[in-house]
Amino acid sequence: FVIRSYGIDGIREHVRTHVKLAKRFADWVEKERGFELVMYTGLNLVCFRLEGSDLRNQALLDKINDSGSIFLSHTVIDGRFVLRLCVGQVRVTEQIVLQAWDVIKASARAL
């Protein structure tokens, strides 16, 4: 169904866009004071965290997800709790990823 809907070239373009937007998000995280880029996969997944404790990062995740405006998942890397942002929706734009970043930063400031 997906190939029939978008074609191979359309799927390639979506993947390229998602990779580009995830890289842009990773760059924003790296430049933002108080945040740490833990892992950028080179694809569409970015793992990051606030500097500080795992409890602080869990609180950030809860605050973000409770807001209902975006949803992030989490994992543990090298024994540390990290947040995960995945760029993968068909209609995603840079503006949407930027709005997600704004939600993340505002939620972090509110802790």
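These legends go with a few close-up views of a predicted model. Residue numbers start from 1 along each chain as the sequence is written, and local features need pLDDT of at least 70, with side-chain atom pairs counted only at pLDDT 80 or more. Side-chain values use heavy atoms, leaving out hydrogens and water.

**View A. The open sheet.** Here 4 strands line up in the order S1-S2-S4-S3 with antiparallel pairing; strands are DSSP E runs of at least two residues, numbered from the N terminus, and two of them pair if DSSP finds at least two bridges between them. Strand S1 (35–40) and strand S3 (73–77) sit at the edges, each pairing on one side only. Strand S2 (residues 45–50) meets strand S4 (residues 80–86) over 4 bridges, and Leu-45 has Cys-86 of S4 as its bridge partner.

**View B. Phe-25 against Phe-48.** The ring centres of Phe-25 and Phe-48 are 5.4 Å apart with planes at 70°, so this pair is edge-to-face (rings of Phe, Tyr and Trp, using the six-membered ring of Trp, pair if their centres lie within 6.5 Å; planes under 30 degrees apart are stacked, over 60 edge-to-face, the rest tilted). Phe-25 belongs to helix H1 (residues 2–31) and Phe-48 to strand S2, 23 residues apart; helices are DSSP H or I runs of at least four residues.

**View C. Trp-101 joins in.** Phe-25 also pairs edge-to-face with Trp-101, at 5.3 Å centre to centre and 85° between the planes. Trp-101 lies in helix H3, so the pair ties together parts 76 residues apart in sequence. Phe-25, Phe-35, Phe-48 and Trp-101 make up one aromatic cluster.
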